[in-house]
Amino acid sequence: MIDVLISFISVNGSPGVSTAAMALTWVWPRHAVVAECDPTGGRALGVFDPDGSHSRTGVFELMLQARTMPLHRAMSSQLLVLPDGTGRHHLLAGASSPREADSLDWRRLTSLFLDLETVDVLADCGRFRSRATPTAVLSEADLVVVVVRNCRGSLQTLVKAAGVLREEHGIFDNEGLVVLITDPDSRTHQRFPHSEIGKELGLHVVGALPWDPTCAAQFTDLHRPGRKFETSPLLTHARQAADEIGRRAMERMSWLRKPPPVVNGHVR
């Protein structure tokens with residue numbers, strides 16, 4: 001089965017893209033790699049390997065190894081198995097600094113993601129920055145998921161950023177750019193109905209992740225989950241969102257990658 005490349009990005013005032021990408025990979029129904037492509041660097045290695053027992057691994061080391069061996073082989077040595085008990089989900093850690101990230105060949109890395117078979121790639125691209133954003137990872141993705149906080153300021157920012165995202169990254173069809181909502185604490189912030197958000201933005205809403213700081217900390221601070229981790233609100237809603245995101249990505253991938261028609265022996 002052909003894999004899909006799904007890129008995640010947030011806008012100013014919308015934290016949570018890394019947590020969302022990690023949570024979705026954790027519950028993803030197929031083999032998957034969460035790839036930290038944030039140009040400011042990655043943090044997940046410190047969460048899942050705080051003692052450094054697996055030595056330094058990640059995208060920077062991958063590109064160094066690829067100078068002397070095939071890219072696919074180099075990647076297999078740089079993946080960290082996520083401790084979700086399935087053995088199907090992996091982490092490709094990000095660069096350790098913005099300087100390392102600036103030196104990466106994002107186009108070559110994106111080509112590797114697209115060439116993988118039976119493994120879906122969920123790329124955490126961090127916050128949208130017009131110049132620093134890893135362009136190839138977004139432009140070549142089968143689906144771009146914008147993670148937006150359910151508050152007036154973040155939603156207004158997304159309205160302004162959506163046009164730039166579409167134009168700079170060639171997402172001209174209505175199915176290529178979708179929204180994943182992160183709900184803030186209802187005790188301190190107003191929330192808007194999810195259906196109204198989709199209509200207001202003119203974008204499909206593929207799911208919503210609830211306010212669940214205890215579970216979120218397992219992906220951003222130190223992974224020491226308790227008994228209720230797997231049944232937490234965050235992972236419960238992530239499973240629903242993963243199904244919808246995966247379905248849309250597969251449908252768009254089939255449309256994007258289908259071979260051109262042949263008429264009278266000529267490709268059109």
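**Entry 1**

I looked up Val-34 to see what it faces, and Val-34 stands opposite Leu-91 in β4. This is a predicted model: local features need pLDDT of at least 70, side-chain atom pairs count only at pLDDT 80 or more, and totals for chains, interfaces and linings use all residues. Residues are numbered from 1 along each chain as its sequence is written, and side-chain values use heavy atoms, with hydrogens and water left out.

I noted how elements are named: helices (H or I, at least four residues) and strands (E, at least two) are DSSP runs, numbered from the N terminus. Strand β2 (residues 32-36) pairs with β4 in the parallel sense, over four bridges. Two strands count as paired if DSSP finds at least two bridges between them.

On strand β3 (residues 80-81), I found two bridges to β4, and these strands run antiparallel. Here Val-81 stands opposite His-90 in β4.

Next I checked where the side chains of β4 (residues 89-92) point. His-89 and Leu-91 point one way, His-90 and Leu-92 the other way, and all are buried. Buried means under 20% relative accessible area, exposed over 50%, and partly exposed in between (1.4 Å probe, protein chains only). In a regular strand the side chains alternate between the two faces of the sheet.

**Entry 2: helix α6**

Which residues of α6 (residues 106-115) are buried? I listed Trp-106, Leu-109, Thr-110, Leu-112 and Phe-113. Seen down the axis of α6, these buried residues fall within an arc of 155°, so they line one face of the helix. The arc is that of the directions from the helix axis to the C-beta atoms.

**Entry 3: salt bridges**

I found nine salt bridges in the structure. A salt bridge is a side-chain nitrogen of Lys or Arg within 4 Å of a carboxyl oxygen of Asp or Glu. Side chains of opposite charge can pair when their charged atoms come close.

I began with Arg-252 and Asp-173, whose closest N and O atoms are 2.6 Å apart. Arg-252 lies in helix α11 (residues 233-256) and Asp-173 in the loop between α8 (152-169) and β7 (177-182), so the pair ties together parts that are 79 residues apart in sequence. Arg-252 is buried at 8% relative accessibility. Asp-173 is buried too, at 18%.

Then I took Glu-175 and Arg-248, which meet in a salt bridge of 3.2 Å, N to O. Glu-175 lies in the loop between α8 and β7 and Arg-248 in helix α11, so this pair ties together parts that are 73 residues apart in sequence. Glu-175 is partly exposed at 38%, whereas Arg-248 is buried at 15%. I also saw that Glu-175, Glu-244, Arg-247, Arg-248 and Glu-251 are linked in a network of salt bridges.

Last, I checked Arg-187 with Asp-185, where the closest N and O atoms are 2.9 Å apart. Arg-187 is exposed at 71%, but Asp-185 is buried at 11%.

**Entry 4: the whole chain**

I counted 11 helices and 10 strands in the protein chain. Its radius of gyration is 18 Å, close to the 18 Å that the globule rule gives for 268 residues, so the chain is as compact as a globular protein of that length. That radius is taken over C-alpha atoms, and the rule is 2.2 Å times the number of residues to the power 0.38. Buried residues make up 51% of the 268 residues.
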